[in-house]
Amino acid sequence: MRRLDESVRGRLGVAVCASAMAVGLAASPARAADPIRIGVIAEAQAVAGSSIPLAAQLAADEINAAGGVDGRKIEIVTYDNHSSSAESIRAFQRAVNEDKVNAVIASYISEVVLALEPWAGRLKTVMITPGAASDVITENIAKDYERNKYTFHGYLTSSALSGLVCEAAKDLLVDGLKMKTAVIVSEDAAWTKPLDAGYEKCLPESGLKVLDHVRFSPDTTDFTPIFNKIEAQKPDVMITGISHVGTQPTVQWKSQQVPIPMLGVSSQATNSTFWKDTNGATEGVLYNAVSGPGVAVTPKTLPFVEAFQKKYGNTPSYSGYTAYDEVYYLADAVKRAGSTDSDKLVDALEKTDYVGTIGRIQFLPKGDPHVHGLKTGKGAITGLMLQWQNGKQVNLWPKDVANGKLTFPAFIKTSSN
């Protein structure tokens with residue numbers, strides 16, 4: 001796995017740090033001057049993954065400008081995995097064995113993270129995912145803690161996501177629009193299996209009867225027969241689980257004038273480039289996110305979005321928020337541990353209590369079935385439900401941080417539209 005070429009590395013803002021002051025975490029002055037190296041393995045050319053290395057570098061730049069970690073600078077080393085598990089494994093091996101990184105931030109793709117998880121254990125290197133959702137990631141840690149304890153889940157698990165989507169659907173669609181029926185529409189991937197199982201359980205509890213469950217191949221290019229089948233059943237809403245193919249179904253939903261709204265998880269829709277990517281077809285799409293532009297989830301959210309937009313020209317995807325936070329709480333863990341030793345970092349990360357851009361970040365403890373997953377709920381991570389409106393991402397839920405009201409394009413048929 002080669003590192004990004006010089007032009008791309010320059011665009012991502014990868015910096016080679018200079019020597020820091022001879023003070024800090026280690027015993028010798030020479031060691032204290034060494035940078036803290038964080039490898040970032042991501043889908044640099046993908047809509048949902050492109051924000052990961054950019055946000056990580058922004059966080060490192062801010063930390064370094066403030067003096068680093070006890071005088072040690074943060075250095076980000078990036079690797080474009082081209083959405084490949086095999087290339088990701090080669091990148092991880094290079095990062096640890098050759099580039100001597102102290103920790104790794106890796107991927108928004110569950111299959112990639114699941115392929116890397118055994119290597120994090122084998123090479124005893126802390127790895128945090130900024131975007132993969134599969135419950136199996138944390139379940140693996142619970143099953144074999146000593147081997148897999150080096151992996152941390154820096155994004156929500158699929159089962160947590162399904163619960164948040166159902167809560168939003170109840171408030172916005174069932175209580176707000178008196179909707180009664182739904183069809184689950186998800187790509188066939190590792191992360192959607194627990195998501196869909198969660199949907200099947202919580203949608204009826206939220207007041208939506210599930211009429212059908214459609215799973216499609218991520219290689220699907222023509223969604224016409226899928227939409228025709230769904231239309232024939234006349235559901236009030238489609239509840240989605242889409243990450244890798246978000247552009248194509250969204251464009252066809254609009255061009256085919258499918259009169260059924262879409263609400264759920266649509267990872268690509270979290271990036272501000274999605275409006276241009278779909279030529280505005282995303283108008284009216286509702287999607288879950290951990291944070292979003294214009295939404296003051298915490299006092300750190302809006303300053304991050306402003307800084308990201310100023311530096312890169314667009315607002316980040318969902319995995320940009322998490323990657324940014326991860327660099328900060330990795331730095332905090334190094335400071336508290338007084339070391340970059342992996343086992344000491346694991347202990348420090350397990351004690352993380354950090355307010356980031358997405359909320360209060362704490363990890364579930366050893367003994368929990370989703371150990372090293374993020375705590376969710378009031379006082380922790382609550383999630384949002386945003387909608388694309390006139391080229392902007394507007395938050396509708398929860399009510400206390402909403403900055404807009406629900407509306408749909410004219411071709412969508414609801415009782416109020």
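In this predicted model, strand E13 and strand E14 (residues 392-397) are paired in the antiparallel sense over five bridges. Within this pair, Leu 386 is placed opposite Asn 395 in E14. The two strands form a hairpin with two residues between them, and Asn 390 in this hairpin takes a positive phi near 50 degrees. E13 also pairs with strand E10 (residues 286-289), again in the antiparallel sense, over four bridges. Here Asn 288 stands opposite Met 385 in E13.

The burial of E13 was examined next. Six of the six residues of E13 are buried, so the strand is largely enclosed by the rest of the structure. In a regular strand, side chains alternate between the two faces of the sheet. In E13 both faces are covered, with Leu 384, Leu 386 and Trp 388 buried on one side and Met 385, Gln 387 and Gln 389 buried on the other.

Two prolines are found in the segments around these strands. Pro 365 lies in the loop between strand E12 (360-361) and strand E13 (384-389). Its relative accessibility is 46%, so Pro 365 counts as partly exposed. Although Pro 365 and Lys 351 are 14 residues apart along the chain, their C-alpha atoms are separated by 8.9 Å. Pro 398 belongs to the segment after E14. The peptide bond joining Trp 397 and Pro 398 is cis, with omega about -5 degrees.

A separate set of five strands forms an open sheet with parallel pairing, in the order E2-E1-E3-E4-E5. Strand E2 (74-80) and strand E5 (151-153) stand at the edges with a single partner strand each, so one side of each has no neighbour in the sheet. From one strand to the next, the twist averages 20 degrees. Strand E4 (residues 126-129) is joined to E5 by three bridges, and the two run parallel. Thr 129 has His 153 in E5 as its bridge partner. Helix H15 (residues 342-350) lies across E4 and E5 and runs at about 40 degrees to E4.

Helix H11 (residues 247-255) has four named buried residues: Pro 249, Thr 250, Gln 252 and Trp 253. These buried residues pack against helix H10 (224-233), strand E8 (237-242), strand E9 (262-266) and helix H12 (274-277). Just after H11, Gln 257 takes a positive phi of about 55 degrees, a value found here in a residue other than glycine. Gln 257 is located in the loop between H11 and E9. With a relative accessible area of 39%, Gln 257 is partly exposed. Lys 178, which is not a glycine, likewise has a positive phi, of about 60 degrees. The loop that holds Lys 178 runs between helix H8 (158-177) and strand E6 (181-187). Lys 178 is exposed, its relative accessible area being 60%.

Rolling a probe the size of a water molecule over the atoms shows where empty space is left. The lining of the largest cavity consists of 14 residues, of which Gly 131, Trp 191, Ser 243, Ser 267 and Tyr 318 lie nearest its centre. By class, this lining comprises nine nonpolar and five polar residues, with no charged residues.

Terms used. Residues numbered from 1 in each chain as written. Predicted model: local features only at pLDDT ≥ 70, side-chain atom pairs only at ≥ 80, totals over all residues. Heavy atoms only, no water. Pairing = 2+ DSSP bridges. Axes fitted to C-alpha atoms, helices over the stretch in contact; angles between N-to-C directions. Contact = heavy atoms within 4.5 Å. 1 Å grid on protein atoms, 1.4 Å probe; cavity = no way out; pocket = protein on both sides within 12 Å on 5 of 7 lines; lining within 4 Å. Nonpolar A, V, L, I, M, F, W, Y, C, P; charged D, E, K, R; others polar. Buried < 20%, exposed > 50% of the residue type's maximum accessible area, 1.4 Å probe, protein only.
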